[in-house]
Amino acid sequence: MTDSRFRRKMSRRGALGGALSGTLGAAAMAAVARATPLRTRQPAPSGTYRIDLHAHFLPPDYRAALLEHGHVTIGGYPTPDWSPEQALAFMDYYGIQAQALSVSDPGVSFLRGKEAADMARYCNTYAAGLFRDHPERFGAFAVLPMPDIPASIAEAVYALDELRLDGVVLLSAYDGVYLGDPRFEPLLIALNQRNAYVFVHPAAIAADAKPKLPLPDFLEEFTFDTTRAATLMMATGMTQRYPNIRFQLAHAGGTLPFLSHRISVASQTVIGELWPEDLPRPSLLDTQRQIGNFYYDTALSGSAAAMTSVLAVTERDHVVFGSDWPFSALTLPRSGTHDPAPGLSDIFDADQRMEVERINPLRQLPRLAAAVGG
């Protein structure tokens, strides 16, 4: 290549780079600014201020049924004991004012028919009783008798309209069918009509459908399953058709923030050209927008690595605090600190932690916000 041709080629590249910079530069710089961790660990706010949106409970009859049906571990973690007194002691120690309780995997899907519906009603009524007795300490997300859609719609309506629970918890998949599948559509319509807050929690994968690794599901598989659910919800247009639903993804969205670019660029490949006609065709910018619309909790993800990834795909007001207690009991710091997630201070200062750990959660749950005066 001659010197003059080389200069012309580089000039064209420079012009293209300048155009791209003008188009994307501001957004890119904002993402970098959001995602740049602090160089030194900042002190956390003091006092009992945290609002925990990823916290579990196991009412007595529910726990007994789990054990009776062979669920001696959940995601590879021994099925824990739980009581309101234990929960309050945990919250007092770690500066948590209130928890929005939810039933973890497997929900009530280990039961079927009337047994599942009755167990869901029992858990939801139990939760409503807790926040009546302790209005400033507990909220709850309703468990539904999935995958029975008609029964789940009926329970969601009762739990949200009558019991006044704060939202709904859905697992990433039921019997191997992931959220985003068209068969869940009637339930999403009902939730969208109620502007529901929906906590998406990972589900364990059947043993014959995953690699035989000597690792418990909660270490890795749970994060992958959350990613699968979120990706399918976007691919089938669920997150577009039901904009009134606010979806919270457990554990910093699994691997979704890390894979966000990879998922987005599918629309620019042959995959986008072969997209089914009955589904909304994805675009790079819209996929990024949908990823940014999810809410991401900090449960087992209180580190600069995890939070930097989240802040690269969404704003800080879409990050909410979660402890994953009692399943996280063995992982919580016990060295004299009353901070349940000290790693958050590697990326957030005290004001930002107050936003993530209190302001953002209460903004999404108005009933609980009114109860705690937040």
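**Figure 1. Pro106 and the residues that Pro106 touches in the predicted model.** Leaving aside residues up to four places away in sequence, Pro106 touches Tyr62, Leu66, His71, Ile74 and Leu171, where contact means heavy atoms within 4.5 Å. This is a predicted model, in which local features need pLDDT of at least 70 and side-chain atom pairs count only at pLDDT 80 or more, while totals for chains, interfaces and linings use all residues. Residues are numbered from 1 along each chain as its sequence is written, and side-chain values use heavy atoms, with hydrogens and water left out. Pro106 lies in the loop between β4 (96-102) and α4; helices (H or I, at least four residues) and strands (E, at least two) are DSSP runs, numbered from the N terminus. Pro106 counts as buried because its relative accessibility is 9%, buried being under 20% relative accessible area, exposed over 50% and partly exposed in between, with a 1.4 Å probe and protein chains only. The peptide bond that leads from Asp105 to Pro106 is cis, with omega near 10 degrees. Although Pro106 and Ala204 are 98 residues apart in sequence, their C-alpha atoms are 7.5 Å apart in space.

**Figure 2. The second largest cavity and its lining.** A cavity is a set of points, on a 1 Å grid over the protein atoms alone, where a 1.4 Å probe fits but cannot get out, and its lining residues have an atom within 4 Å of a point.

**Figure 3. The crossing of helices α2 and α4.** The axes of α2 (residues 60-68) and α4 come within 9 Å and cross at roughly 145 degrees; the axes are lines fitted to C-alpha atoms, for helices over the stretch in contact, and angles run from 0 to 180 degrees between N-to-C directions. From α2, Pro60, Asp61, Tyr62 and Ala65 meet Met119, Tyr122, Cys123 and Tyr126 of α4. By class, this contact has 7 nonpolar, no polar and 1 charged residues.

**Figure 4. Phe294 and the largest nonpolar core.** A nonpolar core is a set of buried Ala, Val, Leu, Ile, Met, Phe, Trp, Tyr and Cys residues joined through side-chain atoms within 4.5 Å. The largest such core has 100 residues, of which Tyr62, Leu170, Leu191 and Phe294 touch the most other members. Helix α4 (residues 113-133) gives the most to this core, with 8 residues. Not counting residues up to four places away in sequence, Phe294 touches Ala230, Met233, Met234, Thr239, Phe247, Leu249, Leu256, Thr314 and His318.

Figure 5. Asn195 is partly exposed, because its relative accessible area is 43%.

**Figure 6. Glu155 in helix α5.** Glu155 counts as buried because its relative accessibility is 5%. Apart from residues up to four places away in sequence, Glu155 touches Ala120, Arg121, Asn124, Val143, Leu144 and Pro145.

**Figure 7. Two further loop residues, Ala252 and Pro326.** Ala252, in the loop between β10 and α9 (256-264), has a positive phi of about 60 degrees although it is not a glycine. With a relative accessibility of 4%, Ala252 counts as buried. Pro326 lies in the loop between β12 and α13 (350-364), and the peptide bond from Trp325 to Pro326 is cis, with omega near 5 degrees.

Note on methods: 1 Å grid on protein atoms, 1.4 Å probe; cavity = no way out; pocket = protein on both sides within 12 Å on 5 of 7 lines; lining within 4 Å. Nonpolar A, V, L, I, M, F, W, Y, C, P; charged D, E, K, R; others polar.
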